Amino acid sequence: MAYIQLEPLNEGLLSRISDVLLCGWTCQHCCQRCYESSCCQSSEDEVEILGPFPAQTPPWLMASRSNDKDGDSVHTASDVPLTPRTNSPDGRRSSSDTSKSTYSLTRRISSLDSRRPSSPLIDIKPVEFGVLSAKKEPIQPSVLRRTYTPDDYFRKFEPRLYSLDSNLDDVDSLTDEEIMSKYQLGMLHFSTQYDLLHNHLTVRVIEARDLPPPISHDGSRQDMAHSNPYVKICLLPDQKNSKQTGVKRKTQKPVFEERYTFEIPFLEAQRRTLLLTVVDFDKFSRHCVIGKVAVPLCEVDLVKGGHWWKALIPSSQNEVELGELLLSLNYLPSAGRLNVDIIRAKQLLQTDVSQGSDPFVKIQLVHGLKLVKTKKTSFLRGTIDPFYNESFSFKVPQEELENASLVFTVFGHNMKSSNDFIGRIVIGQYSSGPSESNHWRRMLNTHRTAVEQWHSLRSRAECDRVSPASLEVT
């Protein structure tokens, strides 16, 4: 392998650069050979230092000066002759010449430092960059600060974090005995187990005890000594596909012994939260929520299974939902017909203690504020999740369509007395909510095409408050 020796830099240029860079002081009038100060001999007070340089002598310079003092401390810069630099015939600088040049440079710097016993400390101001002008104006960065008024300060607070309901967030740190003594809502006994073979979760509602006496908000309840409890089961965050036990009449210690299965993959089940809500049934008023139990399924062994007694805690939802109704609307402009399909309903409010409900749907066409036509579906016995699949058609001219309203009311059939009201919605000119208005608008924009949508049932008072069409029907 051949080695190539690199040519060194020009000796004169290298020496000049080293003289300028390694010199701590620079003469104002000349920039070369400043270590001898041969061009100008000014007094020490008149020497102008063109900074910046370190306030203390560098360590390498101190080491060189100490070595020179040990060898020969009587030489000065004027006593040291300049050694002429010669090159070898082949243009390369010998190692002896390089060592001599380095030694000479070190002696010159140390002699200059000996002439100036101490380096003055100079406070060098920071350099300001800007456009040169006749008048120098210092430029200082400005800090933008926003002044907060008292209204802005209190607007940052979130009142819900300081409400009385926030104490429910501390329930996780309490034991069941502490929760029972604090809220006194009773306890619920239940169990869970996952079947890996059939991929479903089984929830067993066993019993409850020490339930509180019922509460009547409107004074219509007749029996204030006993409750009619039942339990609703769902896997959060899905509250639509819920299950419901039967109603146990006039007892504060109900025994349910009912099992329910949820078709759900195992990994998905571990991400859900089991919610058990104990509700008090009241035939003549709204059902009242007694309490609830929430169990994250990731904290239990689903395959092994187990059963627990859990204390009930208050629920932010004081009243249960009335159920949902699936409808389909279609308008034919050429025939002037408004077609309505009642498909199904689910999780309807239970109206019968013994056998659930016997629900049916009444459809009423209102033109402006006048009732025009009334139709209804058949009733299905003993269910809260009925399937109807019944179609109805109303004669509505196209010029009258914008003033039409459809009132859907779900009742529980009762042979002995008047039918039990469950829930209502209004779709059309006087819709009962944003969901109903959106369904009607979609139907108007897509003629000859059926438009389906789920709707949450509302109370009679809520519909009467927002829809004049609800006041015109019974």
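This is a predicted model: local features need pLDDT of at least 70, side-chain atom pairs count only at pLDDT 80 or more; totals for chains, interfaces and linings use all residues.

Guide: E9 and E16 are antiparallel and pair over six bridges. Ser328 also has a bridge partner in E10, namely Asp341. E9 and E10 run antiparallel and are joined by nine bridges. These two strands form a hairpin with four residues between them, and Gly336 in the turn has a positive phi of about 65°.

From E10 the pairing goes on to E13: seven bridges join these antiparallel strands, and Ile342 has Glu390 in E13 as its bridge partner. Put together, the four strands make an open sheet in the order E13-E10-E9-E16, with antiparallel pairing. E13 and strand E16 (451-456) are at the edges and have a single partner strand each, so one side of each has no neighbour in the sheet. On average, neighbouring strands of this sheet are turned by 25° against each other, direction ignored.

A helix belongs to the picture as well. H7 lies across E9, E10 and E16, and runs at about 170° to E16.

Next comes the nonpolar core. The largest one has 34 residues, of which Leu325, Ile342, Leu406 and Phe408 touch the most other members. Among the elements that give two or more residues to this core are strand E9 (324-332), strand E10 (337-346), strand E13 (387-395) and helix H7 (434-445). Leaving aside neighbours within four places in sequence, Phe408 is in contact with residues including Leu325, Val340, Ile342 and Ile425. Another core, of 32 residues, lies apart from this one, and Leu211 and Val231 are among its residues.

Note on methods. Residues are numbered from 1 along each chain as its sequence is written. Side-chain values use heavy atoms; hydrogens and water are left out. A nonpolar core is a set of buried Ala, Val, Leu, Ile, Met, Phe, Trp, Tyr and Cys residues joined through side-chain atoms within 4.5 Å. Buried means under 20% relative accessible area, exposed over 50%, partly exposed in between (1.4 Å probe, protein chains only). Contact means heavy atoms within 4.5 Å. Two strands pair if DSSP finds at least two bridges between them. Axes are lines fitted to C-alpha atoms, for helices over the stretch in contact, and angles run from 0 to 180 degrees between N-to-C directions.
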